[in-house]
Amino acid sequence: MPSTEPPSVPPANVLPKVAAIRAADGERLRSVHLPGMTLTVRSRRPAREGLPPALYVHGLGGSSQNWSALMPLLDGVVHSEALDLPGFGDSPPPDDGDYSITGHARAVVRHLDASGRGPVHLFGNSLGGAVVTRVAAARPDLVRTLTLVSPALPEIRVQRSAVPTGLLAVPGVAALFTRLTREWTAEQRVRGVRALCYGDPERVSDEGFRNAVEEMERRLQLPYFWDAMARSARGIVNAYTLGGQHALWRQAERVLAPTLLVYGGRDQLVAYRMAQRAARAFRDSRLLTLPDAGHVAMMEYPEAVATAFRELLADTADTTDTVGTGKPVGDERTDGAVDGEPANQTTGG
């Protein structure tokens with residue numbers, strides 16, 4: 001049932017000003033105003049006119065910057081955009097406080113419908129992988145191909161190293177963690193995130209580490225940072241418990257688009273063993289396994305991911321123009337809701 005609980009953060013127009021988010025060479029940032037939300041979109045100028053569009057969706061605690069290493073490697077084959085999900089990066093919280101998988105998927109759908117860029121080559125990492133799986137299942141007309149990097153799809157046996165992240169979903173844990181770590185510096189926090197997400201933390205350059213610290217300092221000034229983290233974590237947990245047509249694995253089976261799956265052998269958040277199940281679930285899939293990669297292969301091994309995507313494009317050149325012509329499946333609604341779930345659904349908390 002829709003939640004009547006008001007969002008626990010102030011409206012976006014009264015949020016404090018913080019430092020501007022970083023844009024890499026060749027990138028530009030813009031704000032996109034949509035019903036109930038404002039999204040920050042990072043884009044690159046295409047190498048030439050007429051390239052097919054691509055859209056990238058980050059994971060829990062991430063932002064569009066997570067794709068800055070991969071996007072320039074694809075300048076010659078796609079026109080790239082990456083968005084900050086509501087409450088992350090430089091996007092303010094959604095008006096309805098909805099951080100469920102469906103709520104995030106609704107943001108992606110609304111952006112694509114408003115921009116008219118679809119069908120796109122759709123990328124997702126972790127939380128973003130679950131989000132774009134739901135989008136591809138509900139709106140095949142918006143998706144040419146799907147690329148999933150360590151997608152957060154349900155696991156029966158969760159790795160121990162992933163448990164602390166899952167605990168953020170428990171009401172009160174985020175507030176407790178905030179109090180317990182009040183004295184931690186941004187540098188300490190980034191080192192912890194790097195150790196958790198990378199297969200080899202030493203692959204992060206000195207400049208990359210400094211940029212991450214700067215971004216962490218910026219995020220910690222945002223009054224809604226931990227709320228967005230906790231509610232989005234709860235959204236993942238809630239999605240794992242859904243059955244029937246809303247179950248993520250069931251939706252994976254409904255995806256029509258050619259799909260590239262990328263899994264890291266040293267991933268501490270999404271088990272490497274899930275790669276084979278995913279390869280069976282997505283009907284038209286190929287699998288790239290990177291034994292030394294962690295949870296963010298597009299940041300650790302962007303060249304390998306770019307090569308695999310280019311091969312996907314080459315092999316599906318005759319089909320991707322027709323995949324996106326299908327009509328929406330499920331109970332798609334014009335207000336941006338997907339899969340027949342209430343347009344106002346929220347995880348609360």
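S150 lies in the loop between strand β6 (143–149) and helix α3 (163–167), where helices (H or I, at least four residues) and strands (E, at least two) are DSSP runs numbered from the N terminus. The model is a predicted one, in which local features need pLDDT of at least 70 and side-chain atom pairs count only at pLDDT 80 or more, while totals for chains, interfaces and linings use all residues. Residues are numbered from 1 along each chain as its sequence is written, and side-chain values use heavy atoms, with hydrogens and water left out.

Although S150 is not a glycine, its phi is positive, at about 45°. The residue is buried, with a relative accessible area of 1%; buried means under 20% relative accessible area, exposed over 50%, and partly exposed in between (1.4 Å probe, protein chains only). S126, in the loop between β5 and α2, also has a positive phi, near 55°, in a residue other than glycine. With a relative accessibility of 11%, S126 counts as buried.

The peptide bond that joins G118 to P119 is cis, with omega about 0°.

## The chain as a whole

The chain contains twelve helices and eight strands. Of its 349 residues, 55% are buried. Its accessible surface comes to about 14,900 Å², and 52% of that area belongs to carbon and sulfur atoms; accessible areas come from the Shrake-Rupley method with a 1.4 Å probe, and for residues only the protein chains shown count as cover. Among the contacts in the chain with a separation of 6 or more, 77% are between residues 24 or more positions apart, a contact being heavy atoms within 4.5 Å.

How do α1 and α2 cross, roughly parallel or roughly perpendicular? The axes of α1 (residues 101–115) and α2 (residues 127–138) come within 9 Å and cross at roughly 65°, which makes α1 roughly perpendicular to α2. Axes here are lines fitted to C-alpha atoms, for helices over the stretch in contact, and angles run from 0 to 180 degrees between N-to-C directions. Angles under 35 degrees count as roughly parallel, over 145 as roughly antiparallel, 65 to 115 as roughly perpendicular, and the rest as oblique. The crossing of α1 and α2 is right-handed; a crossing is right-handed if the near helix is turned clockwise from the far one by less than a right angle, and left-handed if anticlockwise.

On the α1 side, I101, T102, H104, A105, V108 and V109 meet L127, A130, V131, R134 and V135 in α2. The residues of this contact divide into eight nonpolar, two polar and one charged, where Ala, Val, Leu, Ile, Met, Phe, Trp, Tyr, Cys and Pro count as nonpolar, Asp, Glu, Lys and Arg as charged, and the others, Gly among them, as polar.

For α5 (residues 186–197) and α6 (residues 206–220), the axes come within 9 Å and cross at roughly 115°, so that α5 is roughly perpendicular to α6. The crossing of α5 and α6 is right-handed. In α5, the residues A186, E187, R189, V190, R191 and R194 meet F209, A212, V213, M216, E217 and L220 in α6. Seven of the residues of this contact are nonpolar, none is polar and five are charged.

L39 belongs to strand β2 (residues 37–44) and is buried, with a relative accessible area of 0%. Leaving aside neighbours within four places in sequence, the contacts of L39 include R30, V32, L83, P86, A107 and H111.

W67 is placed in the loop between β3 (53–57) and β4 (79–84), and counts as buried at 0% relative accessibility. Not counting residues up to four places away in sequence, W67 touches Y56, V57, H58, A82, F123, G124, N125, V149 and M298.

A247 is in the loop between α7 (225–241) and α8 (248–254), and is buried, with a relative accessible area of 15%. The table gives a C-alpha separation for each of these residues.

| Residue pair | Positions apart along the chain | C-alpha separation |
|---|---|---|
| L39 and A107 | 68 residues | 8.2 Å |
| W67 and E81 | 14 residues | 9.4 Å |
| A247 and R134 | 113 residues | 9.3 Å |
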